Every structure is written in structure tokens, then in C-alpha cells.
Amino acid sequence: MVENGHGHGHGHGHGHHHPPSAAPPPSIIHPPLGAARGPAFPPSEQLLQLNYCIHSNPSWGQTVLLAFQHYIVMLGSIVMIATMLVPQMGGNHGDKARVIQATLFMSGLNTLLQTLLGTRLPTVMGPSFAYLLPVLSIINDFADEDFPSAHQRFLHTMRAIQGSLIVSSFINIILGFSRAWGDFTRLFSPVIIVAYICVVGLGLSGRGFPQLGNCVEIGLPMLIFLVVFQQYMKHLHNRAHPILERFALLFCVALVWAFAALLTVSGAYNNVGNKTKLSCRTDRSYLMESAPWIKMSYPFQWGTPIFRASHVFGMMGAVLVTTVESTGTFIAASRFSGATPPPAHVLSRSIGFQGIGQLLDGAFGSIVGTTASVENVGLLGLTHVGSRRVVQVSAAFMFFFSIFGKFGAFFASIPLPIFAAIYCVLYGLVAAVGVTFIQFTNNNSMRNIYILGLSLFLGISIPQYFVMHTNLVTGRGPVNSDGVWFNDILNTIFSSPPVVAMIVGTILDNTLDAHDSREDRGVPWWVPFQHRKGDSRNEEFYSFPLRIHEYMPNRYL
């Protein structure tokens, strides 16, 4: 019985009040019952199986190819958003091509802003789906008005979107640079982070197989090829291992895209419904014909912005949602790039720069605001390359293809089910990296299991209800009062799984006997990474390049 009693005592003194670096000498540790059956894996703050971590770089040839792969992966959401919104605004194919170019240009700019000055993590910034509802309300606001032509309606709507993007971006700028957001993130603990990041990935399940199912004969081979080539085939030969691990996604996209083009040309889709044609055919996007050869994005290219209070308020919900989603994506990215979790001041800084990025979005005429792209973080985990330089080079690809429209349109006409198949793998990886944070908590604490269960389930279930009852043409959701902007804020916030999981988790974890279970929650492990000088590695991963820090005011560093 002695051993049993010992294991029990050990469970309570689990946290040891000194920091985790000073582990007790091995002679004291008594293995709990059953330890003889297999090894126990000690918690590790950094993933050690990466080929390249945040500041080690592959050779230039590989860097360029990997960056191109990041560009291909982030294209999917831009095309998807433009395809959903532009036709409803009265825009034609040419307008859609220009919107894609403007959004692509701004994604490149925001990616550079974040990797150089914001978090300094290898995250690609892309357009956010959180803005769909507010943008749909703006579109419906002008639905009753008469315009001389559909194109005029499109331009007027774009200018209204610009105005509300510009004004609502100040929320992020204030939240970030006043350091309010960083102070709020200090309430997090590994228990909250598990559900929060898990849901960042799982909450996007609607963009995986449901989209793939629109054209199974293209999407399913893509999914199967990706798994087989990237995971199984790499073990066939030593030299094939690094090539397939890093570039299998490009091979598969090329292969399946060629197959889709063959099916299109051979007339397989001549007698099918319109929806199938849109999903499966490679010539249905009409981007190649309508895209200009060369076109620079410039400020206010659609005309002067239109400011209307109700639109601005409606968009504020989306701004808060992107703040929460980006923060979760940044924490996942820090894990996949071999860095320690981002400290509070870095999260503040990044949200401030995200606000500046959204201000520029409004000025340059992007259709929605930006957020950190979840699929590209999954790609870091898929290729085992978390290098910051790769993502910075991918921004160069975004600039190039946004200026030379015909080349950009070529890749933008990849059928969406191919992207959906890629998302099935990449979003899954992000969800799984959230689960790894559980190693810093007490997995056997009933309190933790309760909090995890409730925040995970509600984080998926509440948004499910809101999404099911939201009409994607009118933008009306379950909250349906007289104030349209009030509806927009609430419907947007509760349609976002990470926001719900974060709210539920933060409230429960900080109110349910939070003080007594400090060690069960993993707080002693988490706190050093929250402070600038708390861990020696914070400076290494998150300090500014060159000598920028000498010119930045001290409180933003």
C-alpha cells in the first residue's frame, strides 16, 4: 500500500512551486502504478521534430517553392469570399478579378507587417470570413435603391464597405496599442488554450468535406493522394522523404487540377446541373478572360469611401472576432514554428498592427478585413518547416500575382473542391496542435475535464445553431431585432467557434476554484511565457529585426 499512498501524494505536489526548469533530482521521483508498462513522455515547450524552426531557413530554392505553396494554399479563401460576395453586389467577372487582386495585394502587405513588426511568427494573413454578415447587411441596405447600372451598384457598395472597414479598424488599433488585449490574454491558461485552439481548427469543418462534396470526383482523389503521397510514399526511399514531405501538396494539386481539366475538356460535365458545373469545371470562374494583364492596387481605387454609422457598428463585431481568431492562430503558429507561446505584449502588438492592416484594407479596396490564415499554420505543421523567411517570401508571390493579373487568375481558377480537400488535412492539424497544450495541465483533474468539455462542445454547438439559422443571401441570423447593426454584432460573434470557446473557457476557468487549482490548470508553466523577461527565449523569438526596437516607444515592444 505504501507505493499507492506515495503515488497519491505525488499527484498533489505535482506543480512544485519553482519554475519547471529546476526539476528535482531523479532519485526522488517514485513511479506511479503502471509506469513499468511503458515510457512516460515529459512535457516539452517546443516541438522538436521540425526540420526548420522559426529562425532557421531552408536553401533558397526550397524557400521559394515552399513560399509558393503557402501562396497556393491561401488563395482558396480569397476566391471563395469573392465568389460569394461580388455577384451579390452586382459586380461582373472583371470586377471579381479586380477584387481578388486587391485582396491578394493587401494579404501580402499584411503578411509582411505581421512577420516583420507584429508577432514575428510565420503566419500568412488572409481575408476573414467573419466579415460576411456585416458585408451582406451593407449589400442589402442598397438592395432597394435604384442605380443606373449594376456596375454602379457594385462600386457604391464597395465604397460603403471601405468606409466601415476604415472606421472599425480603430477598435483593433486601440485594443492593441493600449495593451488592453495583452492584459486580457493573461487570463488564459493551458486549459482554456486547448479548447480555444482546437476549435480554431474544428470550427472550420464546414469548409472541409461539405465543400469537397460539391465535386467528389475531384475532391476525394485530392484528399487521398495528399495523404498517400505526403505520409506513406515518403518512407519508400531516403531521398524521396524530404521532397515528398515538403512538396507533395504541390504535386497533388497539379495532378488533380490536370485531371479536372481533362474531365472538363472531354465533356464529362456538359449535361450536369449548374452547381456541379461551377464546382467541377476548370473554366467556370471566367477569371482568365476578365483579369487585366497588369494592374496595380492603389488607395481608393473604387472611389471615395462612404461612412454610415450603422455599417460601422455592424462591422465592429467582426473586428472583435478576427482579434480572437488571430490570437488563437498565432498561438498555434508559435507551436508549429518551434517557438514558445507568444507573450502578452507580442499579442497586443500584433492586434495593433492587424488594426493598421485593416485600415489599409479599407484604403486599398479589399472586400473584407484580415485575419491570420488558419490553413497556412496547418501547412507549417504539414511540411515541418516553420521558417519565418518562407512566409515573408510568400508575400512577394502575393504582390507579384496581384499586379500581373493574368498569371494570378491562372492559379485562382483551381476548382474549390481541391482547396477543400487540402483544408481537411490542414485544419485538422491546427485542431490537433491545440490538444498538445493539455500536457501542461493535470489531465486527470475532473475540474479540467469539465471546463474542457463544456467549452469544446459549446464552442462548436452554439455557432452551429447560428450558422444553420443564418440566411447567406440576406445576412439575417437568429438575433433579429430592429437594430440591424446590433443583430450583426451578436450574430457575427456567436457564429465564431473560437470566440464562444474562449468566452466559455475563460469564464469557467477563472471562476471555478481557480486559486486552489492553480497547478492543475498549468498556470505555473504558462506564466513565464506571458511576461517579456519571464523566459529567456521570449527575446530570441519575438524581438524586432535589426535595430527597429531602438526607435519604437518602449511600451509597444
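Here are some exercises on a predicted model, each with a worked solution.

**Exercise 1. Describe how helices α15 and α18 cross, and name the residues that make the contact.**

Solution. 
- Step 1: Know what to look for. Two packed helices are described by the angle between their axes and the distance between the axes.
- Step 2: Get both values. The axes of α15 (residues 374-383) and α18 (residues 416-435) come within 8 Å, and they cross at roughly 85°.
- Step 3: Angles of 65 to 115 degrees count as roughly perpendicular, so α15 is roughly perpendicular to α18.
- Step 4: List the residues. On the α15 side, the contact is made by Val374, Glu375, Val377, Gly378, Leu379, Gly381 and Leu382. From α18 come Tyr423, Val425, Leu426, Tyr427, Leu429 and Val430.

**Exercise 2. Work out how many residues of helix α17 are buried, and which helices they pack against.**

Solution. 
- Step 1: Name them. The buried ones are Gly405, Lys406, Gly408, Ala409, Phe411 and Ala412.
- Step 2: Look at the surroundings. These buried residues pack against α2 (60-89), α3 (93-116), α10 (240-265), α12 (287-290) and α16 (388-403).

**Exercise 3. Decide whether Ser107 is buried or exposed, and find its contacts.**

Solution. 
- Step 1: Ser107 lies in helix α3.
- Step 2: Check the area. Buried means under 20% relative accessible area. Ser107 has 1%, so it is buried.
- Step 3: Find the contacts. Setting aside neighbours within four places in sequence, Ser107 touches Met74, Ile78, Met125, Gly126, Pro127 and Met398.

**Exercise 4. Take a tour of the salt bridges: how many does the structure hold, and which parts of the chain does the pair Asp141 and Arg308 tie together?**

Solution. 
- Step 1: Get the total. The structure holds 8 salt bridges.
- Step 2: Glu45 pairs with Arg537, and their closest N and O atoms are 2.6 Å apart. Glu45 is in the loop between α1 and α2, while Arg537 is in helix α23 (residues 536-542), 492 residues apart.
- Step 3: Now the pair from the task. Asp141 and Arg308 form a salt bridge, with the closest N and O atoms 3.2 Å apart. Asp141 belongs to helix α4 and Arg308 to the loop between α12 and α13, so the pair ties together parts that are 167 residues apart in sequence.
- Step 4: Asp141 is partly exposed at 31% relative accessibility, and Arg308 is partly exposed at 34%.
- Step 5: The side chains of Asp183 and Arg186 meet in a salt bridge at 3.5 Å, N to O.
- Step 6: Finish with a network. Salt bridges link Arg447, Asp509, Asp513 and Arg521.

How values were computed
Residues are numbered from 1 along each chain as its sequence is written. This is a predicted model: local features need pLDDT of at least 70, side-chain atom pairs count only at pLDDT 80 or more; totals for chains, interfaces and linings use all residues. Side-chain values use heavy atoms; hydrogens and water are left out. Axes are lines fitted to C-alpha atoms, for helices over the stretch in contact, and angles run from 0 to 180 degrees between N-to-C directions. Helices (H or I, at least four residues) and strands (E, at least two) are DSSP runs, numbered from the N terminus. Angles under 35 degrees count as roughly parallel, over 145 as roughly antiparallel, 65 to 115 as roughly perpendicular and the rest as oblique. Contact means heavy atoms within 4.5 Å. Buried means under 20% relative accessible area, exposed over 50%, partly exposed in between (1.4 Å probe, protein chains only). A salt bridge is a side-chain nitrogen of Lys or Arg within 4 Å of a carboxyl oxygen of Asp or Glu.
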